[in-house]
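Student: I'd like to go through this model with you, one term at a time. Please set each value against its definition.

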Amino acid sequence: MSQTLAINERQDFITTKGRQKAHLKCDADSIAGCVSQRACVYCGARVVLNPITDAIHLVHGPIGCSAYTWDIRGSLTSGEELFRNSFSTDLKEQDVIFGGEKKLSAAIDKLAIKYNPKLIFIYSTCIVGVIGDDLEAVAKAAAKRYGIQVIPVQSSGFIGNKSAGYRAACDALFRLIEPADRTMVGKDKSINYLGDFNLAGEAWIIRDYFRQMGVTVNVVLTGDASSADLKKATRASLNIIQCAGSMHYLAGRMEETYGIPFMQVSFLGLHDTADSLRRVAAAIGDKEVLARTEALIDRELAVTAPVIEDYRRKLAGKKAAVYVGGGFKAISLIKQFRELGIEVVMIGTQTGRQEEYDTIHELASDGTVILDDANPSELEKFMTEQQADLLVGGVKERPLAYKLGKAFIDHNHDRKHPLSGYVGAINFAKEVYSTVCSPVWKYVRSGDEGCE
Ligand code: SF4
């Protein structure tokens with residue numbers, strides 16, 4: 001297969017399983033000249049913190065940064081709706097010349113009086129990194145004035161890529177969860193569930209599985225969490241992480257500082273869901289929990305497995321391309337597509353880590369193209385050359401797929417149906433079937449054989 005790329009420096013970030021080097025370059029800044037599919041640093045931070053239901057999210061920057069991420073996640077709440085607003089200091093040319101601290105302070109005053117919040121996050125954007133406003137000082141003064149928490153999120157665009165935004169959000173969370181009473185650390189037999197943002201109620205589905213197993217979820221970070229919930233985070237005795245890209249760093253800091261161990265889980269697909277539930281039960285180490293877990297898996301599989309088998313019969317032989325945010329989701333998707341009889345022929349991520357790419361390489365079939373931090377031209381090239389029938393991605397990848405006459409599945413923020421757990425596995429299979437086998441393709445692709 002040809003690997004002629006528009007930008008030669010990208011060669012190290014792409015490999016083909018079985019034909020080229022096993023290791024590819026990743027976790028590096030995007031190359032100048034590429035239209036990277038990655039979101040910016042600020043956006044990376046915002047997506048992690050946004051689901052905190054009773055927080056004010058104040059974006060210190062031009063209005064566009066705020067509009068770009070307004071209500072960005074389809075996170076559901078069982079409590080307050082304050083997080084669904086997007087507030088901005090609306091910086092203008094004069095503020096850039098003379099500094100924006102006064103404007104920021106005035107915005108906090110207005111918000112504190114109008115909404116009486118317990119918590120305000122102030123996000124730094126690109127221009128704030130240039131003019132050097134002191135967010136820390138403004139936040140400290142405002143916190144004192146109103147007796148609330150005001151936490152700066154250091155997410156200006158020049159500190160790195162989207163992963164740096166995840167770290168900035170985790171640093172802000174780490175400040176928020178700091179316990180007043182250190183004797184309470186790791187005291188509960190409960191778990192924290194990190195990296196689930198309650199898209200379409202997914203965190204509620206997983207929380208219910210744990211309830212059936214007899215395991216208490218202390219707090220989800222950050223789906224449907226309030227600031228008071230998050231303040232109890234250090235009481236749990238185990239952290240489990242779904243989205244490693246965003247939360248691995250926080251879990252590491254919590255282990256280092258509070259001695260709370262962590263483990264990676266995934267609730268995508270039948271295999272990974274059962275495996276994760278079993279591993280959590282084993283870590284809890286209670287016979288009753290282990291027995292309840294097996295009973296739960298049996299109950300769920302009795303309903304789900306025949307449905308998946310039916311879709312597998314209809315979809316076997318199709319080919320998928322995957323381009324998602326984090327490495328762990330990509331790994332699960334290879335396995336989940338295999339459950340449906342579909343081979344992944346191209347796979348990449350925005351922020352995957354080396355060890356995740358090693359696992360992807362191990363799992364992928366020979367001939368699969370693996371790529372990090374792709375641009376649109378590469379996605380189009382490899383989807384076409386690999387003859388993928390569908391692309392899994394987010395909002396920025398959707399038009400690429402449709403322009404090429406390929407089916408598309410949104411596995412990102414703004415979908416309205418859950419893809420986690422057993423119910424999510426059925427939703428996923430149904431969606432793959434309805435997009436890949438849509439009758440529309442016979443009108444846009446000559447010789448399309450369609451599905452059963
Ligand atoms: S200006 Fe910077 S912070 Fe704002 S949306 Fe653009 S890249 Fe992100």
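**Around the ligand**

Tutor: Let's start with the shell around the ligand, whose residues divide into six nonpolar, three polar and no charged. The classes are Ala, Val, Leu, Ile, Met, Phe, Trp, Tyr, Cys and Pro as nonpolar, Asp, Glu, Lys and Arg as charged, and the others, Gly among them, as polar. Do keep in mind that this is a predicted model: local features need pLDDT of at least 70 and side-chain atom pairs count only at pLDDT 80 or more, while totals for chains, interfaces and linings use all residues. Residues are numbered from 1 along each chain as its sequence is written.

Student: Which residues surround the ligand?

Tutor: Cys40, Tyr42, Cys43, Gly61, Cys65, Tyr68, Thr125, Cys126 and Gly157 do. A residue is near a molecule if its C-beta atom, placed from the backbone, lies within 6 Å of it. Two or more of the shell residues come from each of helix 1 (41–49) and helix 2 (63–68). Helices here are DSSP runs of H or I with at least four residues, strands are E runs of at least two, and both are numbered from the N terminus.

Student: What makes strand 3 and strand 5 edge strands?

Tutor: Strand 3 (87–88) and strand 5 (149–153) each pair on one side only. They belong to an open sheet of four strands in the order 3-2-4-5, with parallel pairing.

Student: How do you know that strand 4 and strand 5 pair?

Tutor: Two strands pair if DSSP finds at least two bridges between them. Strand 4 (residues 119–124) is joined to strand 5 by five bridges, so the pair meets that definition. Along it, Phe121 stands opposite Ile151 in strand 5.

Student: Why is helix 11 called oblique to helix 13?

Tutor: Helix 11 (residues 270–284) and helix 13 (residues 327–339) pack at about 120°, their axes 8 Å apart. Axes are lines fitted to C-alpha atoms, for helices over the stretch in contact, and angles run from 0 to 180 degrees between N-to-C directions. Angles under 35 degrees count as roughly parallel, over 145 as roughly antiparallel, 65 to 115 as roughly perpendicular and the rest as oblique. The angle therefore makes helix 11 oblique to helix 13. Leu270, His271 and Asp272 of helix 11 make the contact with Ser332, Lys335 and Glu339 of helix 13.

Methods
Contact = placed C-beta atoms within 7 Å.
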